[in-house]
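Subject: Structure handover

Hello,

Here is the structure I promised to pass on. Please open it first, then read the notes below it.

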Amino acid sequence: MGASGRLLRAVIMGAPGSGKGTVSSRITKHFELKHLSSGDLLRNNILRGTGFPRTLPQAEALDRVYQIDTVINLNVPFEVIKQRLTARWIHPSSGRVYNIEFNPPKTVGIDDLTGEPLVQREDDRPETVVKRLKAYEAQTEPVLEYYRKKGVLETFSGTETNKIWPYVYAFLQTKVPQVNQKASVTP
């Protein structure tokens, strides 16, 4: 089989908006790992439930089937995530999307082309975001504790994916062969 045949079973955890998707896609780009998102699995009807492992019983059930080698926990401050998730505004009739941080409208709250007001989706409203983040925290704290006790939890803290990534990359280099030796730490 050789070294590249070794399986690394890693779980990536983090609140909504913490950068899990970005980190996952970078991992698959730089390392010989396949990415299975619980969301994708759910959509393919493999797992029934709300995502995996989000609760302690789910984490325990997963352990009975697979030996999890490492759990990568993306620890991004809630305030940062809140800003990130509430930055999206939409022009309903055209579907144009603005982001206060990356591509803001010329005038705050106003569509560039029509001058009509922009709205925020229910999901993107601050109070909804805070509720989701609190629910995530309450649900996953026992899961993180479970993996911490097993000695497989690796927490990476920061406010930007680009600053967290080099540490995740360096950590994974100690665990798996790179798919592309020329691929450096750059995103």
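A salt bridge is a side-chain nitrogen of Lys or Arg within 4 Å of a carboxyl oxygen of Asp or Glu. You will need that term further down.

First, the ground rules. This is a predicted model, numbered from 1 along each chain as its sequence is written. Local features need pLDDT of at least 70, side-chain atom pairs count only at pLDDT 80 or more, totals for chains, interfaces and linings use all residues, and side-chain values use heavy atoms, with hydrogens and water left out.

Overall layout

The protein chain has six helices and five strands. Helices (H or I, at least four residues) and strands (E, at least two) are DSSP runs, numbered from the N terminus. Read from the N terminus, the order is β-α-α-α-β-α-β-β-α-β-α.

The chain has 187 residues, and 36% of them count as buried. Buried means under 20% relative accessible area, exposed over 50%, and partly exposed in between (1.4 Å probe, protein chains only). The accessible surface comes to about 11300 Å². Carbon and sulfur atoms hold 54% of that surface. These areas come from the Shrake-Rupley method with a 1.4 Å probe; for residues, only the protein chains shown count as cover.

Now contacts, meaning heavy atoms within 4.5 Å. Take those with a separation of 6 or more: 68% of them join residues 24 or more positions apart.

Confidence

pLDDT is the predictor's confidence in each residue, from 0 to 100. The protein chain averages 84, and 80% of the residues score at least 70. Strand E5 (residues 153-157) has the highest confidence, at 98. Helix H2 (residues 38-43) has the lowest, at a mean of 49.

One is residues 1-5, with three contacts beyond four places in sequence. Another is residues 41-50, with 10 such contacts.

The core

Which residues touch the most other members of the largest nonpolar core? They are Met13, Ile27, Val71, Ile72, Tyr147, Val168 and Leu172, out of 34 residues in that core. Eight elements each supply at least two residues to this core: strand E1 (10-14), helix H1 (20-30), helix H3 (56-65), strand E2 (70-75), helix H4 (78-85), H5, E5 and helix H6 (161-173). H5 gives the most, with seven residues. A nonpolar core here is a set of buried Ala, Val, Leu, Ile, Met, Phe, Trp, Tyr and Cys residues joined through side-chain atoms within 4.5 Å. In soluble globular proteins, nonpolar side chains tend to be buried together.

Look at Leu172 for one example. Setting aside residues up to four places away in sequence, Leu172 touches Leu8, Ile27, Phe31 and Ile72.

Charged pairs

The whole structure holds 10 salt bridges. Side chains of opposite charge can pair when their charged atoms come close.

Start with Glu145 and Arg148, whose side chains meet in a salt bridge at 2.4 Å, N to O. Both sit in helix H5 (residues 126-150), three residues apart, about one turn of the helix. Glu145 counts as partly exposed because its relative accessible area is 29%. Arg148 is partly exposed too, at 40%.

Next, Arg125 pairs with Glu122, with the closest N and O atoms 2.6 Å apart. Arg125 is at 32% relative accessibility, so it counts as partly exposed. Glu122 is partly exposed at 48%.

Then there is the salt bridge between Glu160 and Lys163, at 3.2 Å, N to O. Is Lys163 buried or exposed? Lys163 is exposed, because its relative accessible area is 53%. Glu160 is partly exposed, at 37%.

Two more places to look

Asn99 lies in strand E4 (residues 96-99). Asn99 counts as buried because its relative accessibility is 15%. A polar atom of the Asn99 side chain lies 2.8 Å from the backbone nitrogen of Glu101. Beyond four places in sequence, Asn99 touches Ala87 and Pro104.

Pro117 is in the loop between E4 and H5. At 57% relative accessibility, Pro117 counts as exposed. Leaving aside neighbours within four places in sequence, Pro117 is in contact with His91, Pro92, Gly109 and Ile110. Pro117 and Pro92 are 25 residues apart along the chain, and their C-alpha atoms are separated by 8.9 Å.

Best wishes

Key. A polar contact is a pair of N or O atoms within 3.5 Å; within protein, one must be able to donate a hydrogen and the other to accept it, and residues adjacent in sequence count only if both atoms are side-chain atoms.
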